[in-house]
Amino acid sequence: MINYGKQYIDSKDIQAVTKVLKGDWLTQGPNIKKFENALKSKFKSKHCAAVSNGTAALHLTGLALGWKKGDTVLTTPISFLATANCILYCGATPDFVDIESSSYNIDVQKLEKKIKILNKNKKNIVAVIATDYAGNPCSWKELKKISLKYKFHLINDNCHAIGANYQNDIGYAVKYADVVTHSYHPVKNMTTGEGGAVLSNNYEIIKKINILKSHGIIKNSKLTSFRTKPWYYEMHYLGYNYRISDIQCALGISQLKKINKFVNKRQEIAKIYNDEFELNPACKLQEIEKGTKHAYHLYPLQVNFDMVKKSKTKLFQYLKKRKINLQVHYIPIHLQPFYKKNFGFKKGDFKIAERFYERQISLPIYFALKKSEVYRIIKLIKNFIKKSK
Ligand SMILES: *Cc1c(COP(=O)(O)O)cnc(C)c1O
């Protein structure tokens, strides 16, 4: 079965993990700092905290920034649920801004309009979480401008875009956003099994996250009690166990070395899809800005099913029979029953996102996918589209 995404593990990864298993520390050992340092230098970040997963990275971000009841945090409806759920974990109120029909990222002009309306209604906007959807960086320069003008924190949910470049810079995420979150789930561009990280140039934020990811415990301090009592620890904040293990970090170090290779292969596959679907009147491709290197966590294709006169369900069934599993990214978050029930969102609130959802499919894209498989997928989809005309 071919799925939309899959990890790639080689003998070096296995060796790295085996070495930890034979050593003294399975969890809080030396590989955590090593992995954090490797992430810092790869993504040009001054500070980094590796954590248990991408959702924990988002939750810790909100906690470290002090989101609370009465605060509003804006995000995109076209992202994974965790991007919005983390706002609720902190007791703040989530709200959404529609996407651009070309990049599928948060629409910066609509964002500014929304901020003006919310400000009039005396809402306290403390942050915006933008997702580099599929691996295509948002308009970060413009987002930064707005964040400075209206004074809120900018968060890059960078889970899709690990290895992407914006304005020819792989360090763009930390450069423009106050906080950047990663996930290393096996479907992402590199993996640690479960895992994630928070990156930032702000020392205080990462320091707080390091305390909060381990129960809110402080072990080292210059205070007298710490100096005279070797066993001493104090808890100042309500923290969690959101730690990552040494085993996972050893895998992460080994995987990170391959990230360029991984992303380049994803680009090769994407180029084949682009060339084949670009001129098809029933299809629409994601548009990419100049200077961008798309990381292609996903390959989103829009198919005009009305024009094709066959449903998306039919296409899924047709391909499933031929051992290919498509996926859809995403059902707009505001249309989830939980968000409709608790916040009154409804169909029609974010029309571009909703139409995108109707047409979007994620084609298989991952390092181990063979070119012959890519051409077979293309042939089948073209056949499905053509047959129905
Ligand atoms: C995968 C993902 C997450 C969550 O990461 P986990 O490691 O699965 O918790 C959050 N946001 C986006 C955009 C993601 O793709």
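**View 1. The largest pocket.** The largest pocket has a volume of about 860 Å³. A pocket here is an open set of points on a 1 Å grid over the protein atoms alone, where a 1.4 Å probe fits, with protein on both sides within 12 Å along at least five of seven lines; lining residues have an atom within 4 Å of a point. A volume is the space filled by probe spheres set on the points. The model is predicted: local features need pLDDT of at least 70 and side-chain atom pairs pLDDT 80 or more, while totals for chains, interfaces and linings use all residues. Residues are numbered from 1 along each chain as its sequence is written, and side-chain values use heavy atoms, without hydrogens and water. Among the 21 lining residues, K207, N210, I211, K213 and N220 lie nearest the centre of this pocket.

**View 2. The second largest pocket.** The volume of the second largest pocket is about 480 Å³. Its lining counts 28 residues, with F80, L81, A82, K188 and Y330 nearest the centre. The ligand sits in this pocket, meaning that more than half of its atoms lie within 2 Å of the grid points.

View 3. Pairs of N or O atoms within 3.5 Å count as polar contacts. A backbone N or O atom of G54 is 2.8 Å from a ligand oxygen atom.

Methods: A polar contact is a pair of N or O atoms within 3.5 Å; within protein, one must be able to donate a hydrogen and the other to accept it, and residues adjacent in sequence count only if both atoms are side-chain atoms.
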